[in-house]
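Colleague: I have a structure open and would like to go through it with you. Can we start with the charged pairs and work from there?

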Amino acid sequence: MFEGHDPYLVALSVAIASLGGYTGFALAARIRNTPGVSNRVLLAGAAAFLAVGIWTMHFVGMLAAPLPPDTVYLVLPTIISFLICALVVGISLFFVSIGEPSLKRVASSAVLLGVGIASMHYVGIHGLAGHFGIVHDRTMVLLSVVVAIVTAYGGLRAFLAQQEGIRLIVSSVAFGIAVSGMHYTAMLGMHFEPLTGAAHHHAGGGLAASQQILSIVVAVLCFVIAAGFLLSLVPDQRRQTSNSVAAEPAASPVAAAAIELIAAPAAAPRPVAPLGGLGQPRAPVPRLPVESADGTHFIETANVRSVRADAHYTRVHDGTRERMCPWSISEAEAQLDPSLFLRVHRSHIVAIPHVALVRREGDGAVLELDGPSPHRVPVSRAKIAEVKARLGLANRRQA
């Protein structure tokens, strides 16, 4: 069964799954720990792109397989397979995007995602109709589910470690391997058996589509995934404008108006290092820029509790609410005072003086920051010792 696959379509199926994974994870990176209606839309969009990537990969793989020439696809099982996929992916993303990404939460999401991918596959296989029967090797069925769960766990872990840059690419590739690895492992254990005319009952039992119609549907979905991937790579013009405003406050009317609203003495100009930052270190900034509907405002760093990565931007929490900052997490780390702020996670920076509670959770830790609306920030395992030293807990035994 597996030997007759078209290698070009196999490669295309893996690429489609990876592109769908990148687009979906890029949307999911914007919703973690941020409530609101807009984030529900992002969650739905992320689940939709991931589900379309999984479903399209499956049927590109089916077009690559050496199926009997009279094969048709029953419409009802095919639609059900997509609904299963969308539902399971949405629930998995919800689990890892809301709350702290503990080991139990990520493992549960990976199991749900892997089982959902396998369920989508076998329901879709059930939609094949023709003068044949389908037999599955039970060992290969189990192995395909294990492959899906293990690689889905690796993809989610890579995504949660850092939701941008190379880690996002790694998580997308792992997602593509999870989907395609499960599919082709299952196909390796799948066999056709000819049926007599009396036993043939599938094709006339419901609405069916030919392989040509399926090819058109798959081609359209491939275009949608490719378009979504390309759009996710387009730079945001608003961010470029915001960076220009932050870099040249004296020449920008918006920045000048915002500074006039702040009842504080003007800060001394920061020393600019030569060669794009090499040589002289830059002085910490007294304020952080944040975006609002009427322009760019600034908040005092003394009021900042935490900074969280949000795709190519960051979210600054002032103890009451989060507001968008045009800086990246790396730029924010470079601009803030290292004696007051510490990067405790790839995606989080905290103000050490505002830490009100610390506790172990899973293989990492959690900090609670004070303020009218206290919030919690995860600490990676590699940063626990440094956090304890900064909090004066270095000599205490771990709980």
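Modeller: A definition comes before the count: a salt bridge is a side-chain nitrogen of Lys or Arg within 4 Å of a carboxyl oxygen of Asp or Glu. Keep in mind that this is a predicted model.

Colleague: OK, how many salt bridges does the structure hold?

Modeller: There are eight salt bridges in the structure. One of them joins Arg343 and Glu333, with 2.9 Å between the closest N and O atoms.

Colleague: Where do Arg343 and Glu333 lie?

Modeller: Arg343 is in strand S11 (residues 341–345) and Glu333 is in helix H10 (residues 329–335), so the pair ties together parts that are 10 residues apart in sequence. Arg343 is buried, at 16% relative accessible area, whereas Glu333 is partly exposed, at 39%.

Colleague: Which residue forms a salt bridge with Asp310?

Modeller: Arg315 does, and the closest N and O atoms of that pair are 2.9 Å apart. Asp310 has a relative accessibility of 4% and counts as buried. Arg315, at 24%, counts as partly exposed.

Colleague: Why does Asp310 count as buried?

Modeller: Buried means under 20% relative accessible area, and Asp310 is at 4%, so Asp310 falls in that class.

Colleague: And what about Glu361, which residue does it form a salt bridge with?

Modeller: Glu361 pairs with Arg359, and their closest N and O atoms are 3.0 Å apart. Glu361 is partly exposed at 24% relative accessibility, and Arg359 is partly exposed at 33%.

Colleague: Change of topic. How many disulfides are there?

Modeller: The structure holds zero disulfides. Two cysteines can still be described: Cys85 is buried with a relative accessible area of 2%, and Cys325 is buried with 1%.

Colleague: Let's go to the inside. Which residues touch the most other members of the largest nonpolar core?

Modeller: That core has 51 residues, and the ones touching the most other members are Ile54, Met62, Val89, Leu93 and Leu128. Two or more residues come from each of helix H1 (7–28), helix H2 (37–64), helix H3 (75–97), helix H4 (103–126), helix H5 (138–161), H6 and helix H7 (211–233).

Colleague: Which of these gives the most to the core?

Modeller: H2 gives the most, with 12 residues.

Colleague: What does Ile54 touch?

Modeller: Not counting residues up to four places away in sequence, Ile54 touches Cys85, Val89, Ile117, Met120, Phe175 and Val179.

Colleague: How many residues apart in sequence are Val179 and Met57?

Modeller: They are 122 residues apart in sequence, and their C-alpha atoms are 7.6 Å apart in space.

Colleague: Now the surface. Which residues form a nonpolar patch there?

Modeller: Ile166, Ile169, Val170, Val173 and Ile177 form one, with about 420 Å² of accessible area together. Ile166 lies in helix H6 (residues 165–188) and counts as exposed, at 57% relative accessibility.

Colleague: Last one, the protein as a whole. How many helices and strands does it have?

Modeller: It has 11 helices and 15 strands. Of its 399 residues, 45% are buried. The protein exposes about 19300 Å², and carbon and sulfur atoms supply 65% of that area. Among contacts with a separation of 6 or more, 69% are between residues 24 or more positions apart.

Notes: Residues numbered from 1 in each chain as written. Predicted model: local features only at pLDDT ≥ 70, side-chain atom pairs only at ≥ 80, totals over all residues. Heavy atoms only, no water. Patch = residues over 30% accessible without salt bridge, like charges linked within 9 Å, V, L, I, M, F, W, Y side chains within 5 Å. Areas by Shrake-Rupley, 256 points an atom, 1.4 Å probe, with all protein chains shown as cover. Helix = DSSP H or I, 4+ residues; strand = E, 2+ residues; numbered from the N terminus. Buried < 20%, exposed > 50% of the residue type's maximum accessible area, 1.4 Å probe, protein only. Core = buried A, V, L, I, M, F, W, Y, C linked by side-chain atoms within 4.5 Å. Contact = heavy atoms within 4.5 Å. Disulfide = S-S within 2.5 Å.
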